[in-house]
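Colleague: Thank you for making time. May we go through this model together?

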Amino acid sequence: MHAYRAALVGLFPEMAEAFFDVGVIGRAVREERLLVTHFNPRDHATDSRSTVDDRPFGGGPGMVMMVEPLRRAVREAQIAAPEGAPVVLLTPQGKRFDQGLAGDLARLPGLILVAGRYEGVDERFSASEVDLELSIGDYVISGGELAAFVVLDAVARLIPGVLGNPDSAIAESHVDGLLDHPHYTRPEIDGENRAPAVLLSGDHAAVAAWRRREALGRTWERRPGALLDRELSAVDRGLLRSYIGDNREHDIETLQ
Ligand code: ADE
């Protein structure tokens, strides 16, 4: 078994401790399916005060991360990284990360994730050392570390053996471009609300059809663009039509 090797380059390695300790990711680390190492640009500062940032040329607020400490930390990470591991910079200006990209990255032997802080990193670092810039969404957080964890979590779940039941990774939201169907567990009745009877019927084909219908319907309601991007089979179209029919009636009922 080859471990997936992730290197994290950032100023706050302590942020990772709790994150890589718990849940499926923690287990992947303990089982050595996922190997995470840290490289701190601060250890590669070139002055006695360990400076890693400086004021932006041209003025303006905040500080910019200097090229050289970042470059040296990435070079150190590359020595330990497997061949073919790309250098990925987390930045709000990056390509929007999604499930498809998580799958692409999971097929590689590993990756080097670089987390910026302050106003960002010197552009010459991105231009000379970075293979791919990724954003986790159109909002700004205080540093790239959380974004790196998000990316690594989504990737690690797709590494063979990380999820106890491999079907979980296939059935989840976004994997085939659809949102996940709703889930229910005991008790069967919660106040006024009963779990859908079909889920208790023992009829596996009916359960599968119901789940598919709900997944299509939810995607249609909540991510209409995602359905426009794909060709639906005749069966899926039928299920979606049935969902829309039922839920229109429901809307009318609630209006009256
Ligand atoms: N750093 C700050 N905000 C970010 C975002 N949305 N995605 C990736 N890195 C970030």
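Colleague: Where is P187 found?
Modeller: P187 is found in the loop between α7 (166-171) and β8 (189-190). Helices (H or I, at least four residues) and strands (E, at least two) are DSSP runs, numbered from the N terminus. This is a predicted model, in which local features need pLDDT of at least 70, side-chain atom pairs count only at pLDDT 80 or more, and totals for chains, interfaces and linings use all residues. Residues are numbered from 1 along each chain as its sequence is written, and side-chain values use heavy atoms, with hydrogens and water left out.

Colleague: And the peptide bond from R186 to P187, cis or trans?
Modeller: That bond, from R186 to P187, is cis, with omega near 5°. Most peptide bonds are trans.

Colleague: What about phi of S50, positive or negative?
Modeller: Phi of S50 is positive, near 55°, and S50 is a residue other than glycine. S50 is placed in the loop between β2 (34-39) and β3 (53-54).

Colleague: Turning to the ligand, where does it sit?
Modeller: The ligand sits in the largest pocket. A pocket is an open set of points on a 1 Å grid over the protein atoms alone, where a 1.4 Å probe fits, with protein on both sides within 12 Å along at least five of seven lines. To sit there, a molecule must have more than half of its atoms within 2 Å of the pocket's grid points.

Colleague: Which elements give two or more residues to the shell around the ligand?
Modeller: They are β5 (87-96) and β7 (132-135). β5 gives the most, with three residues. The residues around the ligand include L90, T91, P92, L134 and S135, where near means a heavy atom within 4 Å.

Colleague: How does the shell divide by residue type?
Modeller: The shell has eight nonpolar residues, four polar and no charged. Ala, Val, Leu, Ile, Met, Phe, Trp, Tyr, Cys and Pro count as nonpolar, Asp, Glu, Lys and Arg as charged, and the others, Gly among them, as polar.

Colleague: Which polar backbone atom is 2.8 Å from a ligand nitrogen?
Modeller: One of Y139. A backbone N or O atom of I136 lies 3.0 Å from a nitrogen atom of the ligand. Polar contacts are pairs of N or O atoms within 3.5 Å.

Colleague: Lastly, how many helices and strands has the chain?
Modeller: The chain has 10 helices and nine strands. Its C-alpha trace spans about 70 × 45 × 40 Å along the principal axes.

Terms used. Polar contact = N/O pair within 3.5 Å; in protein donor to acceptor, adjacent residues only side chain to side chain. 1 Å grid on protein atoms, 1.4 Å probe; cavity = no way out; pocket = protein on both sides within 12 Å on 5 of 7 lines; lining within 4 Å.
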